[in-house]
Amino acid sequence: MASSEVDIRNPFVSVYKALSLKDQRKALRGAMRREANRLKRQAAGNMTTSGLGPGTNQKLSKGIRTRVYPIRYGAGFMLSVKPRRKKGFHKNRQGLEKPVLMWAEGGTDPRKTKGSFFSRKGKGHVTGRMRRYGFLRKTEQQSGPTVEQNLFHDFQDNLNKAARKQGLL
């Protein structure tokens, strides 16, 4: 079979084989990026419905990060609220940068003051804890079954688009 012909019975495989390795990787990376961004929007929606307040004029949803893994590590993507470098921090009213979404996702331990060194009692009062909001976990439960289907359809669309650009379809 020539490289410009497409097998009608199994068009996906023949289009995949007809494209170069660079185009195949580009199509897969685009599908991963699109699905990661879709999940990011869904997580932001879950965050707002979970009751986490805005705090300041800056949007908290900016702290939700996505990362598509490089092809040398395999195909995949990550959705995270853990800060890295300057991404994922929230600037509060005092101008301090805090990893609020990381704390909100898993909650924090109860904290208390230690008291004075000179009081010899070592007691302190409870200053509270942050409850667990769990919006990423909720997103994973809601969209877990559909992620692979969406990835395959996006990948197939990207392959068809690349094949049309090269005149294979």
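Q: Which residues is Asp154 in contact with, leaving aside its neighbours within four places in sequence?
A: Apart from those neighbours, Asp154 is in contact with Ala31, Arg34 and Glu35; contact means heavy atoms within 4.5 Å. This is a predicted model, in which local features need pLDDT of at least 70 and side-chain atom pairs count only at pLDDT 80 or more, while totals for chains, interfaces and linings use all residues. Residues are numbered from 1 along each chain as its sequence is written, and side-chain values use heavy atoms, with hydrogens and water left out.

Q: Is Asp154 buried or exposed?
A: Asp154 is buried, because its relative accessible area is 14%; buried means under 20%, exposed over 50% and partly exposed in between, with a 1.4 Å probe and protein chains only.

Q: Where is Asp154 found?
A: Asp154 lies in helix H4, residues 135-166. Helices (H or I, at least four residues) and strands (E, at least two) are DSSP runs, numbered from the N terminus.

Q: And Arg29, where is that found?
A: Arg29 belongs to helix H2, which covers residues 21-49. Arg29 counts as partly exposed because its relative accessibility is 37%.

Q: Changing topic, what is the secondary structure of the chain?
A: The chain has four helices and six strands, in the sequence pattern α-α-β-β-β-β-α-β-β-α.

Q: How many residues are in the chain, and what percentage is buried?
A: The chain has 169 residues, and 29% of them are buried.

Q: What share of the contacts with a separation of 6 or more comes from residues 24 or more positions apart?
A: Such residues account for 62% of those contacts in the chain.
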